[in-house]
Amino acid sequence: MVEAGKLIVITGPMFSGKTTKLISEISKARKKNLRAVVLKSAIDTRYSRSDVVSHDGLKLPAMVLPDGEACIPVLRRIACDYDVIGIDEGHFWDGVPGLAAALDDLAFDSKIIYVSMLNRKNMGTSFDIGEKLLPLADHIYSLGAHCSQCGRKAAFTQRITNYRTGGKQKFVGGAGDYEPRCRTHFMRQKLVGQSSLAEPITASPKSAQKIRTKIPISPQTLPSP
Ligand SMILES: [Zn+2]
């Protein structure tokens, strides 16, 4: 029997296991002999250009989906050949008009769609793509990480390093550039590098040492992670 279409969002901060969950779901679909593919952004070259790789080292060969609006026709074309489509790091397509609706259409066309994406920008604000996609989802996995400062459940992603985008809009950071934080220990980016960061730093000598060695961040130069 052909499975019904579904739109499933896997969301949470960095280090919450989103990509691990995505890889697991794609692998399970393949074991059921469904045609399953995972797609990644062309700008996500953190660990590999051709694989989706989780922070804990799991990986799966991936097809590349173009940046911006060009992703939609490519997505539709790829979807013709697959039953299950996983999109890693969906926030890379933040602000692309029509993408959420296109994914919803594919689910109505009996495709099973998984999208893993950050729940918030590193400034603490929401992603446009998340605002559009979450209400359309059949199911949402809301994953949490452990706060780097107190160990409690973390729903925020704290940027802890400076960066230069070289004119690019998006910065793609790796494991050393971010930490999961709870709401208590999350510092909105405008405060990073200022005295108000002192309190959470002193809660963890190890993290304090790490943050003290980083260059303060200018709030005007902070795109989404
Ligand atoms: Zn905390």
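**Close-up views of a predicted model**

**View 1. The buried face of helix α3.** Helix α3 (residues 99-108) has L99, A100, L103 and L106 as its buried residues, buried meaning that 20 or more other C-beta atoms lie within 10 Å of a residue's own, with C-beta atoms placed from the backbone. Looking down the axis of α3, these buried residues fall within an arc of 120°, so they line one face of the helix; the arc is that of the directions from the helix axis to the C-beta atoms. Their cover includes β1 (6-12), α2 (71-79), β7 (112-118) and α4 (128-133). Helices (H or I, at least four residues) and strands (E, at least two) are DSSP runs, numbered from the N terminus. This is a predicted model, where local features need pLDDT of at least 70 and side-chain atom pairs pLDDT 80 or more, while totals for chains, interfaces and linings use all residues. Residue numbers start from 1 along each chain as its sequence is written.

**View 2. The largest nonpolar core.** Among the 50 residues of this core, I26, V38, L103, I113 and V115 touch the most other members. Such a core is a set of buried Ala, Val, Leu, Ile, Met, Phe, Trp, Tyr and Cys residues joined through C-beta atoms within 7 Å. Strand β7 gives the largest share, 6 residues. Domain 1 (6-143) and domain 2 (153-216) both contribute, so the core lies between them; the domain bounds come from an automatic or database assignment.

**View 3. Around I26.** Leaving aside neighbours within four places in sequence, I26 is in contact with A36, V38, L60, V84 and G86, contact meaning C-beta atoms, placed from the backbone, within 7 Å.

Note on methods
A residue is buried if 20 or more other C-beta atoms lie within 10 Å of its own, exposed if 12 or fewer, and partly exposed in between; C-beta atoms are placed from the backbone. Two residues are in contact if their C-beta atoms, placed from the backbone, lie within 7 Å.
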